[in-house]
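Here's a quick tour of one model, taken a neighbourhood at a time. Have the sequence and the coordinates open as you read.

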Amino acid sequence: MEITKDTIIGDVVTADYKAASVFKKFGIDFCCNGNRSIGDACAKDNINTDELLTQLKDVPNQAGGRTIDYTTWPLDLLADYIEKTHHRYVETKSLEIKPYLDKITRVHGERHPELAKVNELFNLSAGNLAMHMKKEELTYFPKIRKMVDAERKGEKMDAQVLASVKTQIETFLKEHDDEGEHFRQISALTNGFTVPEDGCNTYRVTLAMIQEFEEDLHLHIHLENNILFPKSIATAREMLNN
């Protein structure tokens, strides 16, 4: 795709997820705030637009294999993938990280008081994400599957159900913003997940796991904010008009 200062950030990452690493390097949020243009994001954070565009245009030449084109997936398949891959990851890794984080907070908290806040933020986010994902699994994802099935069979759906898709997504977007902010704070508190000189191996492992958790969450939110949500709104709107 041709990338200019007017190109929407989320569209760039959707076309090639390798571009996410470039936006991360420049400190630009591509998932929760992926609906901004490149020019707007650069102006807000005083970033050199030409330098960013140069690096983005070089992304297709970078090694790393073929990027999965999630935009070609049917909505129900994408919803299933998010649930079985990213939701399960959050559930499993939250339980794995918590005892490690408790331990380093207890052992290193006196010398590194920021760990108490990191622990608080991670536990808050893990709890919020659990409720958020359950809402998606019980209400939103089933609605997507019904829309796809009805569209495939040429059947109509209740107008109120279709209209509720956009309202529900507005709530989910706000919740994604909240968790994105929690992890921005965690990253800042840990100096970009940097292990201090007196940090033990458990400290190192814990920060590495939290950083991996954040990276998975970025992809998770990107798939929903920039692909699943817009496509499901468009599908619901088309079914209402028909």
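Leaving aside its neighbours within four places in sequence, which residues is His-182 in contact with?

## Ground rules

This is a predicted model, so to speak of local features we need pLDDT of at least 70, and side-chain atom pairs count only at pLDDT 80 or more, while totals for chains, interfaces and linings use all residues. Residues are numbered from 1 along each chain as its sequence is written, and side-chain values use heavy atoms, with hydrogens and water left out.

## Around His-182

Back to that histidine: beyond the neighbours within four places in sequence, His-182 is in contact with Leu-121, Leu-124, Ser-125 and Asn-128 (contact means heavy atoms within 4.5 Å). His-182 is found in helix H7, residues 159–189; helices here are DSSP runs of H or I with at least four residues, strands are runs of E with at least two, and both are numbered from the N terminus.

His-182 has a relative accessible area of 12%, which makes it buried. The scale goes like this: buried means under 20% relative accessible area, exposed over 50%, and partly exposed in between, using a 1.4 Å probe and protein chains only.

## Aromatic pairs

Rings of Phe, Tyr and Trp (its six-membered ring) pair if their centres lie within 6.5 Å; planes under 30 degrees apart count as stacked, over 60 as edge-to-face and the rest as tilted. By this rule the count comes to 12 aromatic pairs. One of them is Tyr-17 with Phe-30, an edge-to-face pair at 5.9 Å centre to centre and 80° between the planes. The pair links distant parts of the chain, 13 residues apart: Tyr-17 is in the loop between helix H1 (9–15) and helix H2 (19–25), and Phe-30 in the loop between H2 and helix H3 (38–45). Tyr-17 is partly exposed at 23% relative accessibility, whereas Phe-30 is buried at 2%.

Another pair is Phe-183 with Phe-213, which is stacked because the ring centres are 5.6 Å apart and the planes are at 15°. Phe-183 lies in helix H7 and Phe-213 in helix H8 (residues 201–241), so this pair ties together parts that are 30 residues apart in sequence. Phe-183 is buried, with a relative accessible area of 1%, and Phe-213 is buried, also with 1%. Together with Tyr-89 and Phe-122, Phe-183 and Phe-213 form one aromatic cluster.

Which residues are buried in helix H4 (residues 49–57)? They are Leu-52, Leu-53 and Leu-56. The buried residues of H4 pack against H1, H2 and H3.

Turned away from that buried side, the other face of H4 carries the exposed residues Asp-50 and Thr-54.

## Cysteines and a far-off glycine

How many disulfides are there? A disulfide is a pair of cysteine sulfur atoms within 2.5 Å, and by this rule the count comes to 0. For Cys-31, the closest cysteine sulfur is in Cys-32 at 4.2 Å, too far for a bond. Cys-31 is buried at 3% relative accessibility, while Cys-200 is partly exposed at 32%.

Finally, Gly-154 sits in the loop between helix H6 (114–153) and H7. Gly-154 is exposed, with a relative accessible area of 64%. From Gly-154 to Asn-123 is 31 residues in sequence and 45 Å in space, C-alpha to C-alpha.
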